[in-house]
Amino acid sequence: MSSPLLTPYAGPHLSLPNRIVMAPMTRGRADDATGVPHPLTGTYYAQRATAGLIVTEGLWPHVLGKGGPGIPGLVTDAHVAGWREVTGAVHAAGGTIFAQLWHVGRMTHPLNLPGRATPRAPSAVRIEGEPIYTGQGDVEHVTPRAMTTAEAEATIADFAAAARNAIRAGFDGVEVHGANGYLVQQFLAENTNRRTDRFGGSRTGRLRFAVDVVEAVAAEVGPERVGLRISPHNPENEIAEEDPEGTYRTLVDTLDRLGLAYLHVIERGAYGALADLRPRWSGTLIGNFNGPHPTSQKAGEVVVAAGLADVFSFGRHFIANPDLPHRFATGAPLATHVPSLVYGGDAEGYTDYPAALVPQPTT
Ligand SMILES: Cc1cc2nc3c(=O)[nH]c(=O)nc-3n(C[C@H](O)[C@H](O)[C@H](O)COP(=O)(O)O)c2cc1C
């Protein structure tokens, strides 16, 4: 039987040649002072353009949303010019590419921010555990400053402006990063949102920032060009959700009416987010597993064959296998990436992983 991942997908707003998405992956190679993407970024994504859809690494919509060294932005004209090169290269190679919009909230450090600014978050709740990586190594987290209501509203407008920049840069759409314990999920989760204004205080209040961001971005570029990524019940980055069912069912019910490009659900742990949310989402659903090892082809096939997602995203396998769909189709062996070369640097560990040898017809 041929793999369900290799069949074309025709959804309400997305038509893809296969059901293999390249998941967003930070590579930390942008110019740290400006946030302009690395000159090889176009080559890197174009090499991976046989993915049905590429979602870029997270890009900051405001410099206070930058989480670490070498993370690119989508704010200035220079960013737009840099990303236009990337989208041009991907389109020339026949691919489709969405930009991920990523504000990290409290998951950064003054050493990562201009003027050693204090990180902004829904509430002044510090990360107690894991240190944070900065240009000067791993350091303890600082206590973030709670955004004022006006700052939360301005940040929503920053997402919309970045989405407009994405379209100017030639992207096919944008994905709002609402997962993995960053700003949007910090608003959703009870332990990181202790606000008493309209962005907190109740489930409706906790949901408001996510809903407002998606609505603002959709109003800016059209809902059919907007995806949202969520990771219900993901404890990463010290998130503790007391009521993930209530939170995410309500979020999905609210956003389903908008007619978005897709919902991207990271399944993690025992909660069963895909099974819970699939019946509530009428549009395209992208599945993803985030476990200790790179997700296997088989795991993605099982999810798509069961109808729990329409398409499936793979992260780590794409680092060392630029032609992942070809390898899935042919059974060509998968290469493993070099962990020390994932973040930062130049071509090594970035654009120098070769495609599998394709047998040439003999004449
Ligand atoms: C190096 C690396 C960087 C990542 N950066 C991002 C990111 O910028 N945005 C995001 O939403 N997820 C990010 N992720 C999570 C991946 O999108 C994906 O959910 C995870 O790797 C699980 O998929 P896999 O098992 O196929 O690797 C990153 C993962 C890795 C390994």
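Reader: Which polar backbone atom lies 2.7 Å from an oxygen atom of the ligand?

Author: A polar contact is a pair of N or O atoms within 3.5 Å. In this predicted model, a polar backbone atom of G315 is 2.7 Å from a ligand oxygen.

Reader: Which side chain has an N or O atom 2.7 Å from an oxygen atom of the ligand?

Author: That side chain belongs to R229. N288 also takes part: a polar atom of its side chain lies 2.8 Å from an oxygen atom of the ligand. As for cover, the ligand has 610 Å² of accessible area on its own, and the protein covers 90% of that.

Reader: How many residues surround the ligand?

Author: A residue counts as near if one of its heavy atoms lies within 4 Å. Here 20 residues surround the ligand. The closest are T26, R229, T295, G315 and R316. By class, this shell holds 8 nonpolar, 10 polar and 2 charged residues.

Reader: Where does the ligand sit?

Author: The ligand takes up space in the largest pocket. That pocket holds about 1,400 Å³ of space. Its lining has 47 residues, and T26, W102, Y182, E236 and Y343 are the closest to the pocket centre.

Reader: Which elements give two or more residues to the lining of the largest pocket?

Author: Strand 7 (132-134), strand 13 (285-289), strand 14 (311-314) and helix 9 (316-320) do. Helix 9 gives the most, with 3 residues.

Reader: How do the residues of that lining divide by class?

Author: The lining of the largest pocket has 21 nonpolar, 19 polar and 7 charged residues.

Definitions and conventions: Residues numbered from 1 in each chain as written. Predicted model: local features only at pLDDT ≥ 70, side-chain atom pairs only at ≥ 80, totals over all residues. Heavy atoms only, no water. Polar contact = N/O pair within 3.5 Å; in protein donor to acceptor, adjacent residues only side chain to side chain. Areas by Shrake-Rupley, 256 points an atom, 1.4 Å probe, with all protein chains shown as cover. 1 Å grid on protein atoms, 1.4 Å probe; cavity = no way out; pocket = protein on both sides within 12 Å on 5 of 7 lines; lining within 4 Å. Sits in = over half its atoms within 2 Å of the grid points. Nonpolar A, V, L, I, M, F, W, Y, C, P; charged D, E, K, R; others polar. Points joined across faces, edges and corners; volume = space filled by probe spheres on them. Helix = DSSP H or I, 4+ residues; strand = E, 2+ residues; numbered from the N terminus.
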